[in-house]
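Welcome, and thanks for opening the viewer. Let's walk through this model together, one selection at a time.

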Amino acid sequence: MSKIASAFKALGDVAATANASGENPSLPDFVPPAPNGTDIPLRPASVVDVPSTSKSNLSTAPKSTKSSHKRVLDMNLPGPSPSNLEHAHMLANKWMNASKLAELVKTEGLVYKKGKFSAIEEQQLRTAIETFKATRGLTDDQILEIIFQRNEKGKDNTFWSEITTAVPQRPIIAVYHHVRRAFHPKKQQGKWTPEEDILLKQAVIDLGQQWEKVSERVGRMSSDCRDRYRNHIANRELRVTGPWSKEEEDELIRIVTEMTIQQGKDLDNDVFWGIVSDRMGNRRGRQQCRIKWTDSLSKTVKNEGQKPRWSPQDAYILVHKVDSLKVRDDTEIDWKTLPDPDWNLWSAHSLQRRWLTMKRSIKGYEDMTHQEIMDILRVKKAHLPPAVASIRRRKVTSAASVDDLESVIDPDLVKDNGNILEAGPSEAVSTM
């Protein structure tokens, strides 16, 4: 296999890999194959679709339960066209950092996509790179030289602009960093050894947090070095592992609410976990704080101190919200858009984990397209489950509480000994 062919294979795998690891929690989602082994045609991934509301899901009649498992995913569904051609050209040609992009969002109404690249985008990039190579008669080594140009000022802007146009609403700088990670020869080197940890710690002492230089000394990707140092090396001597105490939980709740609610910010999406860890005296790392919050404390805080249970009505709402997005693959979903004012207990991460659990409950899901999976789940969740009374009443901001009653656990999510599958980190073992 040639160098570039190996790199293309890596790019094809990177969506699933990124979903299983990295700085932000996400899912190790299945990436469905294209129909009949064909390439996925170019089509922009939607970032403007808005999911249905929980109220509409609860009040509208269910769709037909007739399933069509033999039909394949229609990759020719019309995608959104750029609403502002000037902005589209700017995103594909102007190198802007996060601060500049945020400024343009406020001042000019710029719309751009951020977060993990979907499986569709991976295919679009793969096709664009192969097209660039073929039309110019370049070799594998020449493409790799373009991607890994050492002189930042010597970047081939034509190459980066051309492949960026294949993934609409992605800034060119995001495509640049993504492709370089996907093709990097040092990626996916496995578990860190104690010797590498020592080498990394010394490299940071000598070089500071200049991750490209640290990478050259350690022999790992710069992003891997950064994440390993921040999450596992820094302040290791102060780090506490094991179950969280009530005092620690109360402290984390206080810090996060001060940083978000009291400043008019979002409780789940506007938290800087490095700052949270610092304010906790670094006894718990940034990763520990984030996991504890998103998997446990967030929904309890929203529910006025009582831990809510995932109900059949929540499962019903989730399936119909995902269905309303009309995506071709669930890696296209921006999970942060799913909660609404009437259904907001569950974090984006929790919803993503719940979706994965339901998807994995389908026998043979690995060989199904997203649409085929959606057909089955639409049948399973075709009718709105009734609210079930329980002894303990709770006040909850959830569409599942139509009668203000605590609902039963979704039987799809119950495993051995009746333990419910709760949202958890996909990138690391929690030390809560």
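Start by selecting E304. With a relative accessible area of 55%, E304 is exposed, because anything over 50% counts as such. You will find E304 in the loop between α14 and α15 (312-325). Look at its backbone too: phi of E304 is near 55°, a positive value in a residue other than glycine. Keep in mind throughout that you are looking at a predicted model.

**The whole chain**

Zoom out for a moment. The protein chain has 17 helices and zero strands. Of its 432 residues, 48% are buried. Now think about contacts between residues with a separation of 6 or more: 71% of those in the protein chain join residues 24 or more positions apart.

**Another positive phi**

Select K326 next, in the loop between α15 and α16 (348-360). K326 is again a residue other than glycine with a positive phi, this time near 60°.

**Helix α5**

Move to residues 119-136, which form helix α5. The helix has 18 residues, and the distance from its first C-alpha to its last is 26 Å, close to the 26 Å expected at 1.5 Å a residue. Colour its buried residues: A119, I120, E121, E122, Q123, Q124, L125, A128, I129, F132 and K133. Then step just past the end of α5 to G137, which takes a positive phi of about 65°.

**Where α10 meets α11**

Select residues 211-218 for helix α10 and 222-233 for helix α11. At what angle do the two axes cross? They cross at roughly 95° and come within 8 Å. The two helices are therefore roughly perpendicular to each other. To see the contact itself, show the side chains of W211, E212, V214, S215 and V218 on α10, together with S222, C225, R226, Y229 and R230 on α11. This group of contact residues from α10 and α11 comprises five nonpolar, two polar and three charged.

Now select residues 246-259, helix α12. Its 14 residues should span 20 Å at 1.5 Å a residue, and the end C-alpha atoms are 20 Å apart, which agrees. Which residues of α12 are buried? They are E248, E249, E251, L252, I255, V256, T257 and M259.

On the α12 side of the contact, pick out E249, L252, I253 and V256; they meet C289, K292, W293, L297 and V301 in α14. Sorted by type, the residues of this α12 and α14 contact are seven nonpolar, no polar and two charged.

**Two residues of α14**

C289 is one of the α14 residues in that contact. If you want to check the cysteines for disulfides, using sulfur atoms within 2.5 Å as the rule, the count comes to zero.

Next, click on L297, also in helix α14. Is L297 buried or exposed? Its relative accessible area is 6%, so it is buried. Leaving out residues up to four places away in sequence, L297 touches E249, L252, I253 and K292. Now draw a distance from L297 to K307: the two are 10 residues apart in sequence, and their C-alpha atoms are 8.3 Å apart in space.

**Last stop: a loop residue**

Finish at N282, in the loop between α13 and α14. E304, where you began, is exposed, whereas N282 is buried, with a relative accessible area of 13%. Show its neighbours to see what lies around it: setting aside residues up to four places away in sequence, N282 touches N235, L238, R239 and S277.

Terms used: Residues numbered from 1 in each chain as written. Predicted model: local features only at pLDDT ≥ 70, side-chain atom pairs only at ≥ 80, totals over all residues. Heavy atoms only, no water. Axes fitted to C-alpha atoms, helices over the stretch in contact; angles between N-to-C directions. Helix = DSSP H or I, 4+ residues; strand = E, 2+ residues; numbered from the N terminus. Parallel < 35°, antiparallel > 145°, perpendicular 65-115°, else oblique. Contact = heavy atoms within 4.5 Å. Nonpolar A, V, L, I, M, F, W, Y, C, P; charged D, E, K, R; others polar. Expected span 1.5 Å × (residues − 1). Buried < 20%, exposed > 50% of the residue type's maximum accessible area, 1.4 Å probe, protein only.
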